Amino acid sequence: MTSSLPVLVIDQHTDQSVGGSKTPNRISRQTLARILERTSPQQVPTVAFDVVYDEDAYYTKELADVIQDQQRKRVLVGFFGEDLDAISSGTTSMPQSQLLTAGVEAFDLYTGLAASKQSPKRAPLRLGFPVGPQTFAGQIASGNAKAIPADAVLDWSLNWSALVNRVEVDQLPSLMTPVLLVGSDGTLNKEADDLFHTPSAMDSGLNNIWKGSQHSMPGVIVQAVLAQSIRMQRWLVPISSALAVGLTSALAIALSTGLNRRWERLIICSAVTALAIPICVQLAVSTLWLMPLFLPLTALWIVTLVRED
């Protein structure tokens, strides 16, 4: 059974909770240093910050010193790859050399979708591109797990509130977990909100992780869902629409040829339609194959009814 992934969501109150100084429109690096200081390197060997460190900012040295002094197994951070629509995307968003020298490892925050200027952005549902081990989410998962392939469909209907759990600042000293994911609630940077639309099929309990709007979720939640999907190796595989339409069209031609009366063909088409929906749902649950319904059933009805009695 896959263990739950703990997530610490930084919001407007976190600076005060850990005694860090605020940085306007940014996550305070002093706050991040305080979070690391409260988290045992032995009990939490890997901390993954869904944060980009490409800019010069206050308290960078303090953060670098804490990372270097702790000698934690891994400290992961993100950068905007060339496929992301973000300010300074590409290699220019890599962490500052001071932090790289301290030991941070940077990985692409890619989510499998094409670049978009929408805000909030569209949540990953059917991926346009693979999300592999060299992405930020892939490294959280394990770093050597099989990639989520292109065209795969993320299963947002899972009980994600049991697979991703919120961690409070006062829980950090006693926290024991292989990896802790840390990110913002998506609203701290007014210049570029890190928010995604929430899928309609999403487990409503997941909203308790960031305690914000039910209509948009922070990027750190998307990274958590991607990481856990990779860790579980669970996603839906859509069957080719062309293949499904071809099969139903062949069935329709056979019905038109074998049955002369239209009402007989109507009865069989109705039966096929009624059976197809529960069968496809069961197929998705048991085998993770996602069978298209609308186009194939439309083709079945049109081809069947074209021929008159």
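K121 lies over the face of F196, at 4.8 Å from the ring centre (NZ of Lys or CZ of Arg within 6 Å of the centre and within 35 degrees of the ring normal). This is a predicted model, where local features need pLDDT of at least 70, side-chain atom pairs count only at pLDDT 80 or more, and totals for chains, interfaces and linings use all residues. Residues are numbered from 1 along each chain as its sequence is written, and side-chain values use heavy atoms, leaving out hydrogens and water.

**Aromatic pairs**
- The structure holds two aromatic pairs (Phe, Tyr or six-membered Trp rings with centres within 6.5 Å; planes under 30 degrees apart are stacked, over 60 edge-to-face, the rest tilted).
- F49 and Y53 have ring centres 6.5 Å apart and planes at 80°, so they pair edge-to-face.
- F49 is buried, at 0% relative accessible area (buried is under 20%, exposed over 50%, partly exposed in between; 1.4 Å probe, protein chains only).
- Y53 is buried too, at 2%.
- Y110 and F129 have ring centres 6.3 Å apart and planes at 45°, so this pair is tilted.
- Y110 is buried, at 7%, whereas F129 is partly exposed, at 42%.

**Helix packing**
- Helix 9 (residues 241-258) and helix 10 (residues 262-287) pack at about 155°, with axes 10 Å apart (helices are DSSP runs of H or I, at least four residues, numbered from the N terminus; axes are lines fitted to C-alpha atoms over the stretch in contact, with angles from 0 to 180 degrees between N-to-C directions).
- Helix 9 and helix 10 are therefore roughly antiparallel (angles over 145 degrees).
- L251, L255 and S256 of helix 9 meet R265, I268, C269 and V272 of helix 10 (contact is heavy atoms within 4.5 Å).

Terms used: Helices (H or I, at least four residues) and strands (E, at least two) are DSSP runs, numbered from the N terminus. Angles under 35 degrees count as roughly parallel, over 145 as roughly antiparallel, 65 to 115 as roughly perpendicular and the rest as oblique.
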